[in-house]
Amino acid sequence: MNKSLQDQLLGAGLIDSKKAKKISKESRKAKKVQNKNKDDSISEAQAAALKAKQEKVERDNELNKQRNLQAEKKALSAQIAQMINHYKLQRDGGEQEYNFSDGNKIKKIRVSQGMLNEITRGRLCIARLGEAYELIPKPVADKIRERDESIIVVYNEKPTAKADNNLPPATDSDEDYYAQFEIPDDLMW
């Protein structure tokens, strides 16, 4: 009793088996064409939902990038603070004041005479750690400058031979002119 229409028509002798195969083949083709048309035509609601999903993914990616940048920045500042705290020099009992500029403000710290000489020679540098200023060796300052250049407040460099090459060469007339001035033997530099 649960026979298909095609089987019933065959049983009644109204169609032959050849005609039944042809009809079933045509119906399968029609279903395929209908399914293809369904897939190609996406409704407006589905298109809007897909677009909204893509925009959300883009926003999420942008937020993740910002969070990653903030996390990297935080890690970098923690790394710099750790380097400064680890390598800072003790300035207890400094008898000399060293004045330097930090942005628009003139700041001063108390250092010993030896530290003052090392700062002017460029062997020691001054780094900002929060509101305080610390003395650190130049190699450490170089590593910090690679990470964040604004932390190093005082970084004295020795003039290099290359910088001297930028000066115009002395001429004979300059040497003749200055030869008339004698340098006293007891001159203190």
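Lys21 counts as exposed, because its relative accessibility is 63% and the cut-off for exposed is over 50%. This value, like the others here, comes from a predicted model. Lys21 sits in helix 2, which spans residues 17–40.

Gln6 lies 15 residues from Lys21 in sequence. In space, the C-alpha atoms of Lys21 and Gln6 are 9.3 Å apart.

## Overall layout

The chain has 189 residues, and 16% of them are buried. It contains 7 helices and 5 strands. Along the sequence, these follow the order α-α-α-β-β-α-β-β-α-β-α-α.

The accessible surface of the chain is about 16,000 Å². Carbon and sulfur atoms hold 51% of that surface.

## Helix 3

Helix 3 covers residues 44–87, a run of 44 residues. From first C-alpha to last, helix 3 reaches 64 Å. That is close to the 64 Å expected at 1.5 Å a residue.

Which residues of helix 3 are buried? They are Ile80, Met83 and Ile84. Their cover includes strand 3 (124–129), strand 4 (132–137) and helix 5 (138–147).

An α-helix has 3.6 residues a turn, so residues three or four places apart point the same way. The buried residues of helix 3, again, are Ile80, Met83 and Ile84.

Asp102 belongs to strand 1, residues 96–102. Is Asp102 buried or exposed? Asp102 is buried, because its relative accessibility of 16% falls under the 20% cut-off.

Leaving aside residues up to four places away in sequence, Asp102 touches Lys107, Arg128, Tyr133 and Val153. Two of these contacts are also polar contacts between side chains. The one between Asp102 and Arg128 is 2.9 Å. The one between Asp102 and Tyr133 is 2.4 Å.

Arg128 and Asp102 also meet in a salt bridge, 2.9 Å from N to O. Arg128 lies in strand 3 and Asp102 in strand 1, so the pair ties together parts that are 26 residues apart in sequence. Arg128 is partly exposed, with a relative accessible area of 25%. Asp102, at 16%, counts as buried.

## Other salt bridges

How many salt bridges does the structure hold? There are 7. One of them joins the side chains of Arg110 and Glu97, at 3.2 Å from N to O. This pair links distant parts of the chain: Arg110 is in strand 2 (residues 105–111) and Glu97 is in strand 1, 13 residues away. Arg110 is partly exposed, with a relative accessible area of 41%. Glu97 also counts as partly exposed, at 41% relative accessibility. A network of salt bridges links Glu97, Lys108 and Arg110.

Arg121 forms a salt bridge with Glu118. Their closest N and O atoms are 3.5 Å apart. Both residues lie in helix 4 (residues 113–121). They are 3 residues apart, about one turn of the helix. Arg121 counts as partly exposed at 42% relative accessibility. Glu118 is partly exposed too, with a relative accessible area of 21%.

## A nonpolar surface patch

Which residues form a nonpolar patch on the surface? The patch is made of Tyr177, Tyr178 and Phe181. Together they have about 380 Å² of accessible area.

Tyr178 is found in helix 7, residues 172–179. Why does Tyr178 count as exposed? Its relative accessible area is 56%, and exposed means over 50%.

Note on methods: Residues are numbered from 1 along each chain as its sequence is written. This is a predicted model: local features need pLDDT of at least 70, side-chain atom pairs count only at pLDDT 80 or more; totals for chains, interfaces and linings use all residues. Side-chain values use heavy atoms; hydrogens and water are left out. Helices (H or I, at least four residues) and strands (E, at least two) are DSSP runs, numbered from the N terminus. Buried means under 20% relative accessible area, exposed over 50%, partly exposed in between (1.4 Å probe, protein chains only). A polar contact is a pair of N or O atoms within 3.5 Å; within protein, one must be able to donate a hydrogen and the other to accept it, and residues adjacent in sequence count only if both atoms are side-chain atoms. Contact means heavy atoms within 4.5 Å. Accessible areas come from the Shrake-Rupley method with a 1.4 Å probe; for residues, only the protein chains shown count as cover. Patches are made of residues with over 30% relative accessible area and no salt bridge: like charges are joined within 9 Å, nonpolar side chains (Val, Leu, Ile, Met, Phe, Trp, Tyr) within 5 Å. A salt bridge is a side-chain nitrogen of Lys or Arg within 4 Å of a carboxyl oxygen of Asp or Glu. The expected span of a helix is 1.5 Å times one less than its number of residues.
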